[in-house]
Each structure stands twice: as C-alpha cells, then as structure tokens.
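Let's take a friendly walk through this protein chain. Keep the sequence and the 3D view side by side as you read.

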Amino acid sequence: MLLAATSNITTAGSLAGNQGDKRFPPTLPDNPKDPCTKAWKAYVAAGGHSAYAITPYSRVRDIFVICGNSLNAKTQAAAEEKAMASCVRTRDSYKGKINIGGSCEIAASK
C-alpha cells in the first residue's frame with residue numbers, strides 16, 4: 001500500500017510554471033519589485049496546490065490593487081481559502097487610507 005501511494009505522488013508531477021485555473025487575468029503593476037507582481041510570480045513558480053487572490057482594478061476609480069497568495073497547500077480549496085484570507089487581511093489594513101475598488105477575488109488557483 002505504501003509503494004502504491006509513493007508511485008502516485010511521483011506520477012502526479014509538479015505544478016511549477018503552471019498558471020492553473022485562471023478565472024480572470026490579474027492586473028499586475030509594471031514594476032517587477034511590486035509585492036503583487038512578486039506574489040504572482042511566486043504563485044506560478046509554486047510546485048504544489050496554490051492560489052492567487054487580488055482586488056479588481058478599474059483605471060477610472062482605483063489607485064491600488066491588493067493581493068494575497070497561498071503556496072503549496074494540501075489542496076486547491078485550502079490554497080484558495082488561505083489566499084482569500086491573506087488578501088482580505090491586507091485590504092482591511094489599508095481600509096480608509098487608500099482607494100481600493102471591490103473585494104478580493106481568486107484570480108487563479110491550481
């Protein structure tokens with residue numbers, strides 16, 4: 001039984017480099033040092049179940065986007081839950097200080 005479980009793990013492969021189930025294209029700042037750009041790149045590079053959450057961006061009314069991610073969780077659902085929690089915590093910490101449009105949404109998960 002242990003050998004069968006081990007062989008399934010090796011055949012499953014890594015999710016590294018995969019954008020996963022992309023629900024919408026996240027708006028990322030042009031600056032490669034921006035925290036949301038770094039979080040997206042870390043999400044794509046992660047080899048396990050991961051998720052990326054971000055606030056929607058509207059050029060008309062929003063100045064900033066807020067994001068969160070979860071890397072290498074036990075399941076895709078757990079990764080999504082943790083990414084949403086991370087995004088919401090960050091968004092709440094800026095509430096009233098900067099103009100952020102909309103609530104956090106999962107942009108992609110794998």
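A residue is called buried when its relative accessible area is under 20%, exposed when the value is over 50%, and partly exposed in between (1.4 Å probe, protein chains only). The model is predicted, so local features need pLDDT of at least 70 and side-chain atom pairs count only at pLDDT 80 or more, while totals for chains, interfaces and linings use all residues. Residues are numbered from 1 along each chain as its sequence is written, and side-chain values use heavy atoms, leaving out hydrogens and water.

**The sheet and its helices**

Helices (H or I, at least four residues) and strands (E, at least two) are DSSP runs, numbered from the N terminus. Two strands pair if DSSP finds at least two bridges between them. Here, 4 strands make an open sheet in the order 1-4-2-3, with antiparallel pairing. Strand 1 (21-22) and strand 3 (67-73) are the edge strands, each pairing on one side only. Strand 1 is joined to strand 4 by 2 bridges, and K22 has A108 as its bridge partner in strand 4.

Helix 2 packs on the sheet and touches strand 1, strand 2, strand 3 and strand 4. Helix 3 (residues 76-94) packs on the sheet too, touching strand 1, strand 2, strand 3 and strand 4. Contact here means heavy atoms within 4.5 Å.

**The disulfides**

A disulfide is a pair of cysteine sulfur atoms within 2.5 Å. How many disulfides does a search of the whole structure find? The search finds 2, listed here:

| Pair | Sulfur distance | Angle about the S-S bond |
|---|---|---|
| C36 and C67 | 2.3 Å | -110° |
| C87 and C104 | 2.2 Å | -85° |

The link of C36 and C67 is left-handed. C36 lies in helix 2 and C67 in strand 3, so this pair ties together parts that are 31 residues apart in sequence. C36 is buried, with a relative accessible area of 5%, and C67 is buried at 11%.

The link of C87 and C104 is left-handed as well. C87 sits in helix 3 and C104 in the loop between helix 3 and strand 4, 17 residues apart. Both C87 and C104 are buried.

**The nonpolar core**

A nonpolar core is a set of buried Ala, Val, Leu, Ile, Met, Phe, Trp, Tyr and Cys residues joined through side-chain atoms within 4.5 Å. The largest one has 11 residues, including C36, W40, Y52 and C67. Helix 2 (35-45), strand 2 (49-54) and strand 4 (105-109) each give two or more residues to this core, and helix 2 gives the most, with 5.

Methods: Axes are lines fitted to C-alpha atoms, for helices over the stretch in contact, and angles run from 0 to 180 degrees between N-to-C directions.
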